[in-house]
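Morning, everyone. Please look at the sequence and the model first, and then I will talk through the contacts.

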Amino acid sequence: MAPGRQSDIVFVPAGTIHAIGAGVVLAEIQQRSDATFRLFDYGRQRELHEDSAVAVSDAGPVRVQGAPRRLTAARTVLVADPHFVLERIDLAAHSIWALDADREPGSW
(Lines give C-alpha, C1' and ligand atoms only; values in the text may rest on other atoms or scores of the structure.)
Protein backbone atom coordinates (compact mmCIF):
# COMPACT_ATOMS: atom_id res chain seq x y z
CA MET A 1 0.00 0.00 0.00
CA ALA A 2 1.26 3.48 -0.82
CA PRO A 3 2.05 5.87 2.03
CA GLY A 4 -0.99 7.62 3.41
CA ARG A 5 -1.78 11.28 2.98
CA GLN A 6 -3.51 13.63 5.37
CA SER A 7 -7.25 12.86 5.56
CA ASP A 8 -6.92 9.38 4.01
CA ILE A 9 -9.35 6.78 5.31
CA VAL A 10 -8.09 3.18 5.39
CA PHE A 11 -10.42 0.48 6.64
CA VAL A 12 -8.55 -2.43 8.25
CA PRO A 13 -11.06 -5.24 8.96
CA ALA A 14 -10.83 -7.19 12.21
CA GLY A 15 -8.32 -10.03 11.99
CA THR A 16 -6.08 -8.23 9.49
CA ILE A 17 -2.41 -8.19 10.40
CA HIS A 18 -1.33 -4.54 10.25
CA ALA A 19 1.22 -2.01 11.49
CA ILE A 20 0.86 1.65 12.42
CA GLY A 21 3.78 3.86 11.45
CA ALA A 22 5.27 6.88 13.15
CA GLY A 23 3.33 10.11 12.79
CA VAL A 24 0.01 8.40 12.06
CA VAL A 25 -3.08 9.56 13.93
CA LEU A 26 -5.93 7.09 13.79
CA ALA A 27 -9.37 6.29 15.08
CA GLU A 28 -9.73 2.68 16.11
CA ILE A 29 -13.36 1.62 16.10
CA GLN A 30 -13.94 -1.62 17.95
CA GLN A 31 -15.89 -3.30 20.66
CA ARG A 32 -14.29 -3.17 24.07
CA SER A 33 -11.96 -6.13 24.36
CA ASP A 34 -8.92 -7.26 26.30
CA ALA A 35 -7.59 -9.16 23.28
CA THR A 36 -4.58 -7.71 21.50
CA PHE A 37 -2.11 -10.07 19.85
CA ARG A 38 1.26 -8.54 18.99
CA LEU A 39 3.59 -10.00 16.36
CA PHE A 40 6.21 -7.26 16.79
CA ASP A 41 6.36 -4.19 19.01
CA TYR A 42 9.00 -1.85 17.56
CA GLY A 43 11.48 -1.82 20.44
CA ARG A 44 8.96 -1.86 23.27
CA GLN A 45 9.31 -4.52 25.91
CA ARG A 46 5.74 -5.84 25.78
CA GLU A 47 4.80 -9.49 25.45
CA LEU A 48 4.44 -10.86 21.92
CA HIS A 49 1.73 -13.36 20.91
CA GLU A 50 2.85 -14.77 17.55
CA ASP A 51 0.93 -18.06 17.67
CA SER A 52 -2.33 -16.48 18.83
CA ALA A 53 -2.06 -13.62 16.31
CA VAL A 54 -1.58 -15.96 13.38
CA ALA A 55 -4.34 -18.29 14.62
CA VAL A 56 -6.99 -15.52 14.62
CA SER A 57 -5.76 -13.60 11.56
CA ASP A 58 -7.72 -13.43 8.32
CA ALA A 59 -5.35 -14.23 5.46
CA GLY A 60 -8.11 -14.13 2.85
CA PRO A 61 -8.16 -11.79 -0.13
CA VAL A 62 -8.20 -8.06 0.56
CA ARG A 63 -11.63 -6.47 0.24
CA VAL A 64 -11.66 -3.39 -1.97
CA GLN A 65 -12.59 -0.30 0.02
CA GLY A 66 -15.39 1.74 -1.48
CA ALA A 67 -14.94 5.43 -2.15
CA PRO A 68 -16.52 7.93 0.27
CA ARG A 69 -20.20 8.44 -0.59
CA ARG A 70 -21.94 11.79 -0.11
CA LEU A 71 -25.36 11.39 1.54
CA THR A 72 -26.24 15.06 1.95
CA ALA A 73 -24.38 18.36 1.75
CA ALA A 74 -23.20 17.76 5.34
CA ARG A 75 -22.90 13.94 5.58
CA THR A 76 -20.42 11.62 3.86
CA VAL A 77 -20.13 7.86 4.45
CA LEU A 78 -16.42 7.07 4.80
CA VAL A 79 -16.65 3.35 5.66
CA ALA A 80 -19.65 1.01 5.65
CA ASP A 81 -19.32 -2.44 7.19
CA PRO A 82 -21.96 -4.93 8.34
CA HIS A 83 -21.07 -3.98 11.95
CA PHE A 84 -20.78 -0.17 11.76
CA VAL A 85 -20.86 2.90 9.54
CA LEU A 86 -18.34 5.73 9.84
CA GLU A 87 -19.53 9.11 8.57
CA ARG A 88 -17.95 12.53 8.31
CA ILE A 89 -20.30 15.32 9.27
CA ASP A 90 -19.32 18.80 8.10
CA LEU A 91 -20.64 21.26 10.68
CA ALA A 92 -21.31 24.87 9.88
CA ALA A 93 -19.12 27.35 11.73
CA HIS A 94 -20.53 28.33 15.14
CA SER A 95 -23.26 25.70 14.97
CA ILE A 96 -24.31 23.84 18.12
CA TRP A 97 -24.84 20.09 18.05
CA ALA A 98 -25.57 17.39 20.61
CA LEU A 99 -25.13 13.64 20.30
CA ASP A 100 -28.19 11.73 21.44
CA ALA A 101 -27.18 8.08 21.69
CA ASP A 102 -27.48 5.27 24.21
CA ARG A 103 -24.27 4.22 25.93
CA GLU A 104 -22.96 0.73 25.52
CA PRO A 105 -23.80 -1.33 28.62
CA GLY A 106 -20.89 -1.31 31.04
CA SER A 107 -19.13 1.59 29.30
CA TRP A 108 -17.34 4.33 31.19
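I will take the sheet, then the salt bridges, then the aromatic pairs.

Ground rules, quickly. This is a predicted model, so local features need pLDDT of at least 70 and side-chain atom pairs count only at pLDDT 80 or more, while totals for chains, interfaces and linings use all residues. Residues are numbered from 1 along each chain as its sequence is written, and side-chain values use heavy atoms, with hydrogens and water left out.

Three strands make an open sheet, in the order 1-2-3, with antiparallel pairing. Strands here are DSSP runs of E, at least two residues; helices are runs of H or I, at least four residues; both are numbered from the N terminus. Two strands pair if DSSP finds at least two bridges between them. Which strands sit at the edges? Strand 1 (69–70) and strand 3, each pairing on one side only. Between strand 1 and strand 2 there are 2 bridges, and the two run antiparallel. Take Arg70: its bridge partner in strand 2 is Thr76.

Now salt bridges. The model has 5 of them. The criterion is a side-chain nitrogen of Lys or Arg within 4 Å of a carboxyl oxygen of Asp or Glu. Glu87 and Arg75 meet at 2.7 Å, N to O. How accessible are the two ends? Glu87 is partly exposed at 27% relative accessible area. Arg75 is also partly exposed, at 34%. For the cut-offs: buried is under 20% relative accessible area, exposed is over 50%, and partly exposed is in between, with a 1.4 Å probe and protein chains only.

Next, Arg88 with Asp90. That salt bridge is 3.4 Å, N to O. Arg88 is partly exposed at 38%, and Asp90 is partly exposed at 34%.

Then Asp41. Its salt bridge with Arg46 has the closest N and O atoms 2.7 Å apart. Is Asp41 buried or exposed? Buried, with a relative accessible area of 10%. Arg46 is partly exposed at 37%. There is a network here too: salt bridges link Arg38, Asp41 and Arg46.

Last topic, the aromatics. A pair of rings is described by the distance of the centres and the angle of the planes. Rings of Phe, Tyr and Trp (its six-membered ring) pair if their centres lie within 6.5 Å; planes under 30 degrees apart are stacked, over 60 edge-to-face, and the rest tilted. How many aromatic pairs does the structure hold? It holds 2.

Phe11 and Phe84 have ring centres 5.8 Å apart and planes at 70 degrees, so that pair is edge-to-face. Phe11 is in the segment before helix 1 (50–56), and Phe84 is in the loop between strand 2 (75–80) and strand 3 (85–89), so the pair ties together parts 73 residues apart in sequence. Phe11 is partly exposed at 24%. Phe84 is partly exposed at 23%.

Phe40 and Tyr42 have centres 4.9 Å apart and planes at 90 degrees, so they too are edge-to-face. Phe40 is exposed at 55% relative accessibility. Tyr42 is exposed at 59%.

That is my tour. Questions, please.
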